[in-house]
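Please keep the sequence and the model at hand while reading.

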Amino acid sequence: MGFTCTVCGESHAGETRDIRLGLPQPIFLLDEQERRRRAHVEDDFAILHGESGDRYYVRALLELPIDGEDGYFGYGAWVEVSQEDVAALGELWHDEAGWRSEPFRGTLANELHPYAFTEGLPVQVRLRDVQLLPLVELDEANHELVRAQRIGISSHRAHELAATVA
């Protein structure tokens with residue numbers, strides 16, 4: 001079994017172990033014309049302009065450890081952060097010492113199917129090596145996704161998650 005990577009466009013052997021979400025949910029829900037008018041989206045940063053103010057997003061990686069494996073299942077998800085934090089993240093994103101900064105607070109800006117009600121979950125975004133997306137660390141909450149990040153998922157569950165994009 002193989003898959004085509006949405007980042008590099010290349011085919012890879014094995015099963016996909018991550019899902020890369022293209023847009024923050026509030027931007028995804030806009031029709032094409034409204035999206036062109038109100039949203040500015042880059043690879044890892046996005047802005048949604050609105051009457052009540054702008055909303056800022058960064059892409060980060062939410063990892064779910066897989067029991068008995070060294071790897072993880074990942075969601076390349078969007079996190080909504082404050083204007084001040086998006087500016088700081090922009091400055092530190094390619095800084096070799098950026099990983100030393102305190103984590104940034106935000107909220108998950110995607111529905112991560114098949115998990116339900118994930119948009120709006122409180123998170124922290126932690127910078128790491130400049131070659132890697134920052135990590136999403138879910139705050140404590142009574143939610144299936146939080147438990148999955150804390151205790152891990154089975155390889156069968158990772159297979160089920162991969163099947164949602166097949």
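Does F73 count as buried or exposed? F73 counts as buried because its relative accessibility is 0%, where buried means under 20% relative accessible area, exposed over 50% and partly exposed in between, with a 1.4 Å probe and protein chains only. The model is predicted, so that local features need pLDDT of at least 70 and side-chain atom pairs count only at pLDDT 80 or more, while totals for chains, interfaces and linings use all residues. Residues are numbered from 1 along each chain as its sequence is written, and side-chain values use heavy atoms, with hydrogens and water left out.

**Aromatic rings**

- A search of the whole structure finds 3 aromatic pairs, a pair being rings of Phe, Tyr or Trp (its six-membered ring) with centres within 6.5 Å, called stacked when the planes are under 30 degrees apart, edge-to-face when over 60 and tilted for the rest.
- The pair of F73 and Y75 is edge-to-face, because the ring centres lie 5.6 Å apart and the planes stand at 70 degrees.
- Y75 is buried, with a relative accessible area of 1%, and ring pairs link F73, Y75 and Y115 into a cluster.

- Strand β4 (residues 39–41) and strand β5 (residues 45–48) pair in the antiparallel sense over 3 bridges, where strands are DSSP runs (E, at least two residues) and helices are runs of H or I with at least four, numbered from the N terminus, and two strands pair if DSSP finds at least two bridges between them.
- A39 stands opposite L48 in β5, and the hairpin formed by β4 and β5 has 3 residues between the strands.
- β5 is also joined by 4 bridges to strand β6 (residues 55–65), in an antiparallel run, with Y56 in β6 as the bridge partner of I47.
- The hairpin of β5 and β6 has 6 residues between the strands, and G53 in the turn has a positive phi of about 125 degrees.

**Strands β8, β9 and β10**

- Strand β8 (residues 104–108) runs antiparallel to β9 and is joined to it by 4 bridges, with G106 opposite V123 in β9.
- β9 pairs with strand β10 (residues 135–138) over 4 bridges, again in the antiparallel sense, and E137 in β10 is the bridge partner of Q124.

**Loop between β8 and β9**

- P114 is found in this loop, and a cis peptide bond with omega of about 10 degrees joins H113 and P114.
- F117 lies in the loop between β8 and β9 and has a positive phi of about 55 degrees although it is not a glycine.
- F117 counts as exposed because its relative accessibility is 71%.

**Helix α2**

- E32 has its place in helix α2 (residues 32–38) and counts as partly exposed, at 46% relative accessibility.
- The side chain of E32 makes a polar contact with the side chain of R35 at 3.2 Å, a polar contact being a pair of N or O atoms within 3.5 Å of which, within protein, one must be able to donate a hydrogen and the other to accept it, while residues adjacent in sequence count only if both atoms are side-chain atoms.
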